[in-house]
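Thanks for coming, everyone. I'll keep this brief. Let me put the structure up.

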Amino acid sequence: MKSSGKIVIIGSSVAAISAIETIREKNKNLPITVITKDRDLFYSRPLISYTNFTDEQRYYRDKNFFRKNNVDLIFGEATIVKNNSVVLENKKNVKFSELLIAVGGKPITLDIKGIDGKNVFTLTTKDDADNIKKFCKNKKHAVVIGCGMIGIKAAEFLKGLGLNVSIVELMDKPFASVLDEKSGKIIADKIKKHAKLILNNSVSDIKENQCILKNGEKIPSDIVICAIGVVPNLDIAKKSQIKTNRGIVVDEFMRTSRKNVYAAGDCTEALDILSGKKIPIPIWPVAYRQGAVAGSNIAGIAKEYAGGFVRNSVDVFGLPLITLGLSNDKSGEEIVFSDEKSKVYKKAIVKDGKIIGAIFVGDIARAGIFTGMIKDGIDVSNFKNEIFSENFGYIYVPKEFRSKEVTPIEI
Amino acid sequence: MESSASVLCKSSVSVQCIRKANMKKSLLFPDFTVTRDPDKCIQCEVCVRQCAFDAHSFDKEANKIETDNSKCVSCLRCATMCPTGAITVSEHQQNIKKNKNWTEKQLKELYKQSETGGILLTGMGTDKDYKIIWDHILLDAAQVTNPSIDPLREPMELRTYLGAKPDRIEFRVQSSEFRGQNKKLRTTNYELQTKLPPQLKLETPILFSAMSYGAISLNTMRALARAADECGIFYNTGEGGLPKELYKYGKNTIVQVASGRFGVDSDYLDVAAAVEIKVGQGAKPGIGGHLPGEKVTEEISQTRMIPTGTDALSPAPHHDIYSIEDLSQLIYSIKEATGYKKPLSVKVAAVHNIAAIASGIVRAGADIVAIDGLRGGTGAAPTRIRDNVGIPIELAISAVDSRLREEGIRNRASIIAAGGFRNSADVVKAIALGADAVYIGTAALVAMGCHLCQKCYTGKCNWGIATQDPYLVKRLNPEIAARRLVNLIKAWSHEIKEIMGGMGINAVESLRGNRLRLRGFDLHENELKILDIKPAGESM
Amino acid sequence: MKKIYFNEEYCMACRLCEIACLVAHSKSKKIIKAYKEEFPSLTPRLIIEQKGPLSFAIQCRHCKDAPCVEACVTGAMKRGKKTGAVSHDREKCVGCWMCIMSCPFGVILMDTKEKKVATKCDLCEDVREPACVDACPNEALVYKEVKGSEKK
Amino acid sequence: MGCSIAGIIDEKGNRFSGEKIICAIKKMYLRANGLGGGFAGYGIYPENSDDFCFHIIYNDEKSRENTESYLKHDFEIVKEEPIPTRTVKAIVNRPLLFRYFLRVKDEIKKQFYEMTEEDIVMRSVMKINGAQAGAFVISSGKNMGIFKGVGYAADIGKFYKLEEYSGYCWIAHDRFPTNTPGWWGGAHPFGLLNFSIVHNGEISSYGINKRYLEEFGYRLTLHTDSEAILYLFDLLLRKHKLPMSLAHKVLCPPLWSEIEKMPEDERKFYETLRIIYGSALINGPSAIIVSDGKMMFGFTDRLKLRPLVAARNGSKFYLASEECAIQEICPLKKGDVFFPKVGEPAIGKLRNTEQTRNKGTRNGHGKFRFSSV
């Protein structure tokens with residue numbers, strides 16, 4: 001599988017960066033070309049909503065990352081893969097020996113009246129953020145559609161720009177898919193201190209200065225941000241007859257159905273170790289890992305992607321929130337720690353002795369131990385009642401499951 | 001840890017015990033005062049966590065660390081561990097009216113006994129103010145007529161063999177002639193006929209004395225075993241059996257067979273380098289041992305071969321040895337069991353008639369006689385016994401060595417002296433008096449961290465030595481402890497070499513029993529006579 | 001690379017490592033001064049865990065495929081190419097806690113005293129031996145290179 | 001002690017006058033201080049060669065009477081006479097000096113049937129010397145005698161008229177005492193039965209050597225360490241039947257580190273030897289010449305802290321503290337002289353007692369082989 005020719009990567013996402021880093025770790029000389037639409041290289045997308053950041057601070061890696069890593073850049077949009085070439089918008093052909101598609105996701109758009117209006121935005125790129133910033137000058141009211149990860153960050157962004165924000169959410173709680181009722185309520189209460197939160201509702205009509213909700217209510221809005229979420233960007237894959245499902249279909253080596261073509265990151269669908277199924281897991285660490293796996297395989301060193309699971313950490317107006325895995329699963333045993341006064345809520349769902357999901361609100365200290373236990377499928381039956389005790393820590397992880405990083409063979 | 005009878009321990013001597021014993025008001029006052037420098041204390045609570053006697057506590061409400069002087073035993077663990085050196089421990093100042101006869105110590109003991117009704121218990125060797133004869137024996141050095149030897153430049157031999165030696169060598173001589181180039185050559189062949197009885201080979205004449213698993217922690221044993229291995233010497237299991245894990249150090253292990261016969265089976269005898277029948281112990285001659293059931297943990301029960309949680313009682317005598325011929329039977333039973341491949345030692349306390357007893361032991365077939373003097377240590381002994389029974393090891397060595405030579409049987413056994421050896425000079429003096437080697441116990445424990453608080457019998461040793469408490473045993477990292485022991489043995493060996501070099505002696509054989517290189521200073525005539533040494537100022 | 005390892009057999013939870021860590025990361029680096037003047041704002045970079053008699057001090061393992069580096073959206077968490085150590089850049093950190101979520105050892109901590117940022121063991125960077133290792137009286141913490149431990 | 005020592009043996013057994021040894025020892029007078037000197041001569045009493053010859057010094061007539069009556073009890077006195085002397089100005093405070101040619105009485109042999117004649121003689125010597133009754137046996141061998149006293153050796157030789165004796169082996173000593181005051185009995189050589197010894201040195205192991213010997217019935221009454229060496233030789237050679245070369249290995253054993261490097265059988269032999277005879281090891285600076293009438297054996301301590309040179313010329317073998325002493329009595333050619341190495345004895349032997357001339361004196365090891373059962 002050793003590459004001799006020219007590696008081409010479409011997209012400059014985290015998956016692409018991690019692939020480049022991995023390839024360069026193993027091979028300093030392989031020619032790499034990145035084709036990207038992003039003119040500004042390379043900022044971290046999750047940071048676009050931080051209004052108080054300089055551009056410099058938003059760089060994920062060194063500003064000269066590509067030059068230092070000896071990577072050629074082509075600005076433009078790849079449209080289709082033909083034979084062993086990527087065809088650009090301008091019809092130019094870029095030949096490759098191995099291709100990595102790391103085009104990420106694209107925002108979900110809604111079919112709402114007025115959605116095409118000038119005052120409707122999405123917030124996934126720095127360009128989006130810049131456009132919103134420009135548009136918001138002298139504006140007073142904003143509506144955010146969707147109360148998930150992007151919705152919260154959009155709301156914080158708009159608040160940061162000095163607007164009054166209303167969040168409209170179709171479901172009965174924020175982060176509806178990953179939070180249970182109790183945690184949903186704590187988060188909702190927190191949001192309400194900073195924005196108007198409208199649950200169980202949706203926008204049916206977007207006007208220039210107001211939105212009309214499904215129930216007829218009218219709320220002032222000079223700007224609307226549609227923050228329902230993202231779906232895998234399948235455009236180029238579909239055109240190029242690369243097999244797709246909900247995302248680009250890849251094997252454990254991140255290979256697509258097309259020879260010498262790999263895919264990584266939010267555009268793929270990958271193994272979810274909790275369900276055993278392949279689904280899109282559009283989260284940063286998964287994209288990073290997939291990029292590294294693809295990069296390694298491209299560089300000729302076989303590496304498998306072991307699978308991942310959904311998890312996220314978000315700071316909701318200062319209240320930390322972490323959800324892990326099937327955090328809203330109802331079928332398992334629930335172990336809960338709750339302290340209303342300090343707004344701390346922790347819950348773990350145990351099924352067949354193993355933790356399959358967890359929620360941390362307010363106190364997220366050492367939540368990673370749970371991530372590790374979910375990943376390694378550690379049987380917690382013996383100590384499940386102590387997992388939220390004050391003393392709980394890595395020491396509870398049975399010795400035989402502890403990482404080699406902790407216990408060297410001989411001390 | 002091993003006390004003499006179960007009733008004792010329960011009523012022993014701590015203030016807490018006394019409270020339990022339904023005394024409304026104890027008349028005892030603390031032994032020590034703990035002082036905390038407020039400018040240095042950072043309230044890190046290291047002292048609180050380190051004190052197994054709970055002398056320190058943190059008052060959350062007052063946000064203050066408090067100390068209960070009455071619980072302090074002056075083990076100095078807290079003072080040692082305190083990262084800012086904020087803690088000092090001193091003798092408690094109480095103005096008890098000065099009285100040479102009725103000392104503070106006497107009074108306290110009376111209060112304790114009147115409040116508990118129990119025998120007083122203690123640990124380690126006696127602290128009573130007896131004359132230390134070692135400090136009245138002076139060593140010789142070479143001047144002018146005889147060059148001293150620099151041990152850094154010249155070989156200096158400390159190797160010691162313990163075991164019975166024949167009086168003379170036997171060999172067969174065969175001469176043969178053969179033709180060389182020009183002339184007849186003759187060679188003489190010596191065929192060795194002597195079969196040397198089994199010997200323990202020591203690279204330096206020091207051994208670690210018997211300390212049993214139960215009295216000391218497994219980590220302590222591990223350290224002793226590792227150090228013995230590294231130094232080419234031996235450690236002694238005491239009477240608590242040998243944990244399987246330590247079998248790998250068998251070639252450096254002396255196993256004990258004591259009156260309780262704990263842990264004795266054929267594997268135990270087989271794995272050892274030598275077997276020692278323990279008749280007595282310097283700290284408690286004539287007294288048995290008692291390990292309370294609560295200390296017989298799973299591991300200790302395995303090793304001692306008794307059920308978990310049962311009291312481990314060592315009877316005062318061996319109930320199969322009521323006379324010298326019984327001892328001989330046991331000696332030969334063990335020799336039979338081990339195929340006459342290991343030296344057999346018999347350990348006794350130095351009592352008044354020690355010379356005759358030792359002679360009897362040698363004639364009964366022992367290859368080594370280990371004699372434990374008045375200052376011998378213990379994990380637990382009744383205070384009165386420890387402080388009043390036996391004779392000093394200095395006199396015992398001399399008496400025994402002289403007696404065995406008079407009887408012409410000195411070669412038939414080696415003498416190991418034990419009981420309060422504090423430094424290499426003591427060792428040199430003991431060897432010059434006639435010992436082949438010495439057992440060190442307390443010195444080894446101190447090397448590992450012991451601060452001689454004498455509370456071994458409580459099982460709460462803050463240094464992780466004399467305890468089985470899972471929280472405390474971890475405090476002794478056998479790796480570190482072994483390193484410290486090795487350093488100690490090395491240091492003493494260097495010093496012994498230095499002293500020998502000064503005397504113009506380059507092999508320890510020439511020091512052994514060489515009483516002419518000793519002089520008594522400030523010793524009574526009778527002591528000089530028994531020690532068989534000349535007073536300082538008298539020449540050859 | 002050289003890492004800090006614990007030996008739970010000999011950890012007695014005296015917490016001297018924690019004190020040393022705290023002092024090493026204080027302004028004055030003087031124990032009494034640090035405690036008396038800076039104390040509430042000091043955060044140790046290691047965690048002492050206790051479960052019955054069992055205890056150990058655990059700090060960043062500097063994993064090869066470090067989950068915190070993978071999860072960090074800002075690039076604040078980086079693995080040094082030469083040293084192999086995982087370092088954290090306070091200036092870049094935005095306090096999203098993705099690292100805390102990801103670290104299977106739970107050894108990344110929150111430092112919210114000045115700015116909301118993550119904090120963790122830095123191996124005492126320029127010092128020959130990390131302060132915690134140096135302070136451990138029982139060698140329950142050792143700083144050494146262990147071959148074959150580079151896999152997570 | 002300082003001291004000089006010297007020895008000559010004619011390996012063919014040719015007898016020669018005592019004058020030679022006087023000349024040799026005189027040459028090294030700077031090593032002495034006049035507090036003691038003496039000689040042992042072998043082959044000097046051919047007419048009484050089968051009788052034990054006791055040289056005894058007496059403080060007074062009373063002690064002579066007592067001692068003689070004791071001797072008469074155990075021995076048949078074949079001949080008794082004063083030891084001939086001449087007046088020498090430097091020699092003062094002379095004691096009474098007598099010699100006796102003795103045979104052990106048959107009834108005594110019967111009474112002590114477990115003892116050899118030598119044992120009985122030794123017992124008597126120990127008894128007389130241990131009684132401290134003003135009598136002291138200075139030699140007790142056959143066809144040999146020791147002549148010693150307080151003064152320079154050369155004067156002592158003159159005093160005893162040694163030029164009138166002829167023997168095939170002579171050893172001599174001139175003394176610079178430090179440990180014990182000069183008295184006639186304390187001068188070298190020391191003798192017991194046929195053994196005689198001269199010693200330049202100080203035995204730092206004396207204390208244990210003494211106690212060790214006492215276990216075997218020796219009484220060390222002279223308060224001098226050299227006496228211990230003599231008795232050790234007696235014990236090892238006569239009682240334990242060790243050859244001289246092995247006895248030497250007992251007194252000056254190889255280092256443990258050397259023993260460890262030996263081939264298995266040899267290692268085992270030396271290990272056993274050293275383990276058994278640890279208390280017989282002599283420590284401290286020493287150059288020693290010992291003779292039993294059959295050979296003359298010279299060696300130094302394990303570190304060679306005292307000098308000893310050897311030379312061979314014709315049938316004569318010489319030992320001395322300094323080469324000049326040998327040169328004085330025998331013109332030596334290059335190659336005649338050699339310096340015994342540490343651990344290697346220099347040996348001269350009567351050839352009729354051991355058939356082969358022992359050329360291997362330069363290398364003490366080598367000529368032995370070891371095996372075990």
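Start with chain C. Of its 152 residues, 56% are buried. One caveat before I go on: this is a predicted model.

How many helices and strands does chain C have? The count is 5 helices and 8 strands. Read from the N terminus, the order is β-α-α-β-β-α-β-β-α-β-β-α-β. The radius of gyration of chain C is 15 Å, close to the 15 Å from the globule rule for 152 residues, so chain C is as compact as a globular protein of that length. The C-alpha trace of chain C spans about 40 × 40 × 30 Å along its principal axes.

Now the contacts inside chain C. Take pairs at least 6 apart in sequence. Of those contacts, 61% join residues at least 24 apart.

Next, the contact between chains A and C. Chain A puts in 36 residues, and chain C puts in 37 residues. Which elements of chain A give two or more residues to that side? They are α8 (284–298), β22 (311–316), β23 (319–325) and α9 (367–376). The largest share on the chain A side comes from α9(A), with 5 residues. By class, the side of chain A that touches chain C holds 20 nonpolar, 9 polar and 7 charged residues.

First spot, K29(C). Its phi is near 60°, a positive value, and the residue is not a glycine. K29(C) sits in the chain C loop between α1 (16–24) and α2 (31–38). Is K29(C) buried or exposed? K29(C) is exposed, because 11 other C-beta atoms lie within 10 Å, and the cut-off for exposed is 12 or fewer.

N143(D) is in the loop of chain D between β7 (135–139) and β8 (144–149). What about its surroundings? N143(D) has 21 other C-beta atoms within 10 Å, so it counts as buried. The cut-off there is 20 or more.

The peptide bond from H188(D) to P189(D) is cis. Omega for that bond is near -5°. Where is P189(D)? P189(D) lies in the loop between β10 (169–174) and β11 (190–192) of chain D.

That's my tour. Over to you for discussion.

Conventions
Residues numbered from 1 in each chain as written. Chains lettered and ligands numbered in written order. Predicted model: local features only at pLDDT ≥ 70, side-chain atom pairs only at ≥ 80, totals over all residues. Contact = placed C-beta atoms within 7 Å. Helix = DSSP H or I, 4+ residues; strand = E, 2+ residues; numbered from the N terminus. Nonpolar A, V, L, I, M, F, W, Y, C, P; charged D, E, K, R; others polar. Rg over C-alpha atoms; globule rule 2.2 N^0.38 Å.
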